[in-house]
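Have the viewer open as you read.

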Amino acid sequence: MTFKIDGVDITPYMRFEGLKYTTFDLDSDEAGRTLDGNLRRSRIATRVRWDVPCRPLRWAELVTLMEILSPEWVTLEADDPVFGHRTGTFYTNNNSISMKITSNDQGQELWDGLTFPLIER
């Protein structure tokens, strides 16, 4: 699977169980319900959203990933199940980390629970 943000492969950070893919339509101002209750659609575009859960991360990995996600807009190259392999402009917001800190068998702290959205422009 290809999943790169600004050229950086982030698959090593990902937890694949829970990866969520959503498409959503953008309608023009002409869309809506008429007075008799019929729905009028006027789709102008379809966009993509990925919700990306991460495996437990060491501190340095967490910092690296947060730096990758910090620009206002990022370029995502991914294998898209609807549109095929493609590149697009995305943003992320509201990154949450549950702050569950555990240790691995080498005694390193692991930060667990980071999930972030990537929403197409």
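## Around cysteine 54

Let us begin with one side chain and its surroundings. Leaving aside residues up to four places away in sequence, cysteine 54 touches Tyr13, Met14, Arg15, Leu65, Asp112, Leu114 and Phe116. Cysteine 54 sits in the loop between β6 and α1. Is this cysteine 54 buried or exposed? Its relative accessibility is 1%, so cysteine 54 counts as buried, the cut-off being under 20%.

For a sense of distance, take glutamate 77: cysteine 54 and glutamate 77 are separated by 23 residues in sequence, and their C-alpha atoms lie 18 Å apart.

## Confidence and overall form

This is a predicted model, so a look at confidence is in order. The protein chain has a mean pLDDT of 90, with 95% of its residues at 70 or more. Confidence is highest in β1, at 98, and lowest in strand β9 (residues 100-103), where the mean is 70. Where pLDDT is low, predicted coordinates should not be read in detail.

The chain holds 1 helix and 11 strands, running β-β-β-β-β-β-α-β-β-β-β-β from the N terminus. Its radius of gyration is 18 Å, well over the 14 Å given by the globule rule for 121 residues, so the chain is more spread out than a compact globule. The C-alpha trace spans about 65 × 30 × 25 Å along its principal axes. Of the 121 residues, 31% are buried. Among contacts between residues at least 6 apart in sequence, 63% join residues at least 24 apart.

## The sheet and its helix

An open sheet is formed by 7 strands in the order β2-β1-β7-β8-β11-β6-β3, with antiparallel pairing. At the edges are β2 (8-9) and β3 (20-27), each of which pairs on one side only.

Inside the sheet, β8 (residues 84-91) pairs with β11 in the antiparallel sense over 2 bridges.

## The nonpolar core

Which residues have the most contacts inside the largest nonpolar core? They are Phe3, Ile5, Ile10, Trp50, Leu65, Phe116 and Leu118, in a core of 22 residues. Two or more residues come from each of β1 (3-5), β6 (43-53), α1 (59-69), β7 (74-80) and β11 (115-120). Helix α1 gives the most, with 4 residues.

Technical notes
Residues numbered from 1 in each chain as written. Predicted model: local features only at pLDDT ≥ 70, side-chain atom pairs only at ≥ 80, totals over all residues. Heavy atoms only, no water. Core = buried A, V, L, I, M, F, W, Y, C linked by side-chain atoms within 4.5 Å. Buried < 20%, exposed > 50% of the residue type's maximum accessible area, 1.4 Å probe, protein only. Pairing = 2+ DSSP bridges. Contact = heavy atoms within 4.5 Å. pLDDT = per-residue confidence, 0-100. Rg over C-alpha atoms; globule rule 2.2 N^0.38 Å.
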